[in-house]
Structures are given as structure tokens and as C-alpha cells.
Amino acid sequence: YKRQCFFYNSMGGGTISIMDFSDPGNPIYYEDVWSFAGIITAVEMDSTYIYVATNSGGITKLFILDYITDPTNPTVVSDTLTLWDKGTKLVLVDADTPQAKLVTMDNTGIFGSSWIDIYDVSDPLTPAMSISFSAGSGAKWRDFAAQGDKLYAIRTVESSELEQLRILDIPTHSVIGSTGDLGIDAHYIAPRDNYAYLSDNYNRISIIDIADPSSPSEVGGVLLMSYTPGPLNLSGSRLFVAYPRCGLGIYTADTASPDISEVGHIIGVNSLFDAVIDGDYMFATQMAQVDNRSVISIDISDMENVRLACYRKLNEGPRFIVNTDYGIVVGCVNNTLWTFNTDDPANIYSMSNELIPGAICGMATSGPYLYVPDLAGNLFIYDFPAWPDINLVTTVSIGAQLLSIAYHNDRLYGFFNDQFYSFSLADPLVPALIDSYTVSANIADFKIQGNYA
């Protein structure tokens with residue numbers, strides 16, 4: 001459809017918002033057009049109605065909203081149906097037809113099993129329960145998707161680590177096919193024609209041949225970079241794979257054969273650790289999420305429209321970042337320094353790396369020199385005689401452990417726990433301790449502005 005909806009829960013309850021993509025170049029955002037005092041657990045929509053699964057006081061109800069009359073103020077046309085399950089997923093089958101059905105799923109297993117339930121919504125004003133599929137005692141449904149009159153569902157028995165794909169036939173209310181144990185940890189599924197694609201927690205897409213629904217079987221798979229895949233979506237010949245921690249992968253999916261190949265990926269911003277600003281761009285490191293360790297550039301020329309300009313994966317765990325007269329230098333958790341070319345902020349790239357003798361606990365630059373402290377009270381001083389080459393000029397024992405440093409007015413400042421230190425750089429190769437100060441609590445970070453830290 002040309003409209004999509006999504007929900008958001010906060011302490012005050014849940015809200016529904018709508019995006020209208022009738023003009024893709026100028027989408028219209030209708031924010032918080034409907035609210036609920038409890039929790040919204042899932043949404044689905046057709047050309048006229050939004051179906052909302054809610055939970056309040058342990059009771060799961062289905063609300064059906066007419067949004068087409070006035071998208072800014074959807075009206076409730078039905079709120080009488082109590083869902084048998086927890087409504088953690090909603091999918092319409094045969095939408096906008098007299099055979100319309102709403103399929104719901106509970107993947108919690110809190111009642112000893114979990115259920116996939118099918119409701120008749122051919123008349124949205126009077127939805128009615130039709131049939132249910134139980135995962136079985138001690139088992140859960142992880143995810144499901146519809147194709148034609150069949151449902152393709154991932155079933156797991158966590159106690160025995162059993163993982164299966166089951167095919168459910170809606171007209172006959174029966175399970176018509178099942179794989180054996182797939183030996184994977186699948187969480188999401190997307191079927192298309194003769195194949196079903198499953199994403200698992202081992203950074204893999206598994207491919208199941210479903211041409212014969214009575215005998216589905218695994219026929220292939222592909223590793224996805226170093227990212228853990230999430231929900232899947234198929235459109236035309238493209239398979240879109242959500243990386244929940246960091247972005248979107250795009251793959252070709254030839255549904256006539258069990259082969260997929262990467263077209264590209266869009267990676268996002270979610271775990272900045274350190275950053276520097278140079279003109280209209282911010283250069284930053286991301287290290288908290290293993291899947292998303294990277295060096296990125298962000299266009300900040302328009303603060304109302306900040307955007308990711310470039311992303312470069314760096315598995316070594318980038319932490320600290322400083323700007324030099326030549327480009328940026330990144331310090332990683334595996335004790336390596338990396339130089340990056342930033343001539344084109346939309347196409348930054350690594351140029352060289354150097355393993356240092358100790359742990360990198362901070363970085364600061366002054367003129368041609370880069371200062372790097374370690375936990376043993378050493379200060380490594382580097383220069384760049386022929387960028388991007390990194391050259392260790394000298395190692396100085398400064399008599400103090402430092403966890404972060406900053407340069408300001410010919411002085412180097414740093415801290416360790418509750419101690420704040422000041423060093424003279426009158427001779428840039430011979431730092432000299434000038435003073436120290438004991439703070440009333442451990443220091444987490446600091447910045448220098450003017451005469452103050």
C-alpha cells in the first residue's frame with residue numbers, strides 16, 4: 001500500500017503513526033494519530049483499516065481502526081474481540097477480499113505452548129475466531145509468513161534445541177509438511193515461490209525448498225558479512241535483510257534457484273564512542289555493538305537534516321579518534337592505530353595501521369605529534385614523516401596512568417580514577433608533570449574549554 005503504519009510504546013501507553021508514500025519524494029507523516037492506555041504489541045493494515053493488537057491488564061484485545069476517512073484521526077470500528085494469544089505478530093491473508101483473514105501469533109510460550117490463530121475479518125466490524133495451530137507442548141512459534149493459502153512457520157523446542165519449518169494449510173486446518181531438525185537458530189522467515197528464506201543468529205540465511213509442501217528441505221545458505229540478520233522482506237528479485245543493530249542488507253534472490261548474492265548494504269548509526277568535527281563533517285567511531293564496529297562520517301552542514309555520509313567497517317574495535325593535519329587517526333581496542341583518508345568525507349577509507357607496545361588509553365595531537373598513553377604510565381609519541389606512515393619517535397615514562405588525554409595551550413591534560421593531571425609540552429618530546437588535582441569522585445571523561453576543564 002501507499003501508506004504504512006507503526007507503533008511506539010512509552011510509559012504513558014502506546015501510539016499509532018502513519019506514513020503516506022503516495023508521493024515518494026514528499027512523504028507525509030501523521031504522528032500519534034491514535035493512542036491506547038496499555039501496550040500495543042503489533043499492527044497490520046489494508047487499504048482501509050489498521051488492525052491493532054493491544055495488551056492491558058493481561059488482556060489482549062484487537063482494535064480495528066478506519067484510517068482512510070481521516071488519516072489524522074482514525075476511528076475505532078471494532079474493539080470487541082479478545083485475542084486468544086498475545087498478538088505479538090499480525091499478518092493479513094487475502095486482504096481486501098471477501099476471504100480476508102487476520103493471522104496472529106504468540107511467541108512467548110507462557111501457557112506451555114504458543115499459538116498461531118486465524119480470524120475471519122471479511123467484515124471488519126464483526127471479526128470472529130476461525131482456527132488455531134498449536135506449536136505443541138514445550139514448543140514455540142518463532143515467526144511465520146503467508147503465501148497463498150499456506151502459512152510457513154518456524155517452530156522451536158528450546159529445551160532440545162530443535163528447530164523446524166512447518167507448513168500449515170489454512171483451508172484444511174492442518175499441518176501438511178515439516179522439515180527435520182534444521183540445526184540452526186532461526187528467528188525470521190520470508191517465503192517466495194519455491195523457496196523460503198530463514199535468518200538465524202549465526203549470521204546466516206538458510207534456504208528451504210518448499211516446492212513440495214509435504215516435503216520441505218534445506219537446499220542452501222549464505223553467510224552475511226559479520227552481521228546478525230533479523231526480519232526479512234522480499235520485493236521483486238530483491239531480498240532485504242534487516243540488521244537490527246546497524247542497518248539493512250540487500251541481496252538478489254533468484255526464486256528459480258536457491259542462490260542469493262549481496263547487492264549492497266545500508267549501515268546506520270547506533271553506538272558512537274568518540275568523535276571529532278572538521279568543517280561540515282563529524283568523524284566518529286562505533287564499537288559497542290560487535291556487529292557494527294566502524295568508522296563513519298556524518299554530514300552536519302544542515303543541523304536539521306543530519307545524515308550518514310560514509311561508513312567503513314573496522315572489526316578491530318575503534319575507540320578513540322583524533323584529527324591531524326593529514327587525516328584522522330583511530331585507536332582500537334586491539335592496540336592498533338589506523339590512519340584514514342578524509343579528503344572526500346563521503347568516501348573515507350583506511351590507509352595504514354600500526355601495532356603499539358601497550359594498551360591505547362587515549363589520544364591527543366599537538367603540531368606534528370600524536371600522544372598515546374597506556375596503563376603502565378608510558379606515553380608513546382608518534383609523528384607522520386610520510387603520511388600515512390606512523391612513526392614511533394619516543395616512549396616517555398610520565399609516572400602516572402592516564403585513561404584519557406587532551407591538548408590545550410602547550411599542555412597535556414589527563415586523568416586516572418579521581419586524579420587529574422597537567423603536563424607541560426614546552427619540549428613536545430619531553431612531557432613534564434606540572435600539577436595534579438584530586439577530585440571528590442572518579443572521573444568518567446573531561447573536555448577543556450577556555451581556562452576550565
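Q: Contact means heavy atoms within 4.5 Å, so which residues is serine 294 in contact with, leaving aside its neighbours within four places in sequence?

A: Before the case itself, please note that this is a predicted model, in which local features need pLDDT of at least 70 and side-chain atom pairs count only at pLDDT 80 or more, while totals for chains, interfaces and linings use all residues. Residues are numbered from 1 along each chain as its sequence is written, and side-chain values use heavy atoms, with hydrogens and water left out. With those neighbours set aside, serine 294 touches Ala284, Thr285, Gln286, Tyr311, Arg312, Lys313, Leu314 and Pro318.

Q: Where in the secondary structure is serine 294 found?

A: Helices (H or I, at least four residues) and strands (E, at least two) are DSSP runs that are numbered from the N terminus. Serine 294 belongs to strand 26, which covers residues 294-299, and the chain as a whole has zero helices and 39 strands.

Q: Is serine 294 buried or exposed?

A: A residue is called buried under 20% relative accessible area, exposed over 50%, and partly exposed in between, using a 1.4 Å probe and protein chains only. Serine 294 counts as buried because its relative accessibility is 0%. Across the chain, buried residues make up 47% of the 453 residues.

Q: What does a partly exposed residue look like, taking alanine 95 as the case?

A: Alanine 95 has a relative accessible area of 26%, which means that it is partly exposed. Its place is in the loop between strand 8 (89-93) and strand 9 (101-105). Although alanine 95 and serine 47 are 48 residues apart in sequence, their C-alpha atoms are 8.4 Å apart in space.

Q: How many salt bridges does the structure hold?

A: Side chains of opposite charge can pair when their charged atoms come close. The term salt bridge is used for a side-chain nitrogen of Lys or Arg within 4 Å of a carboxyl oxygen of Asp or Glu, and by that rule the structure holds ten.

Q: Which parts of the chain does the salt bridge between aspartate 20 and arginine 3 link?

A: In this pair, the N to O distance is 3.4 Å. The two residues link distant parts of the chain, since aspartate 20 sits in strand 2 (residues 13-20) and arginine 3 in strand 1 (residues 3-10), 17 residues apart. Aspartate 20 is buried because its relative accessible area is 7%, whereas arginine 3, at 21%, is partly exposed.

Q: What does the salt bridge between lysine 89 and aspartate 143 tie together?

A: The side chains of lysine 89 and aspartate 143 meet at 2.6 Å, N to O. Lysine 89 lies in strand 8 and aspartate 143 in strand 12 (residues 140-147), so the pair ties together parts that are 54 residues apart in sequence. Lysine 89 has a relative accessible area of 22% and is therefore partly exposed, while aspartate 143 counts as buried at 5%.

Q: Are lysine 447 and aspartate 445 buried or exposed?

A: Both lysine 447 and aspartate 445 are exposed, and they form a salt bridge whose closest N and O atoms are 3.7 Å apart. Elsewhere, salt bridges that share partners join Arg142, Glu163 and Asp185 into one network.

Definitions and conventions. Contact = heavy atoms within 4.5 Å.
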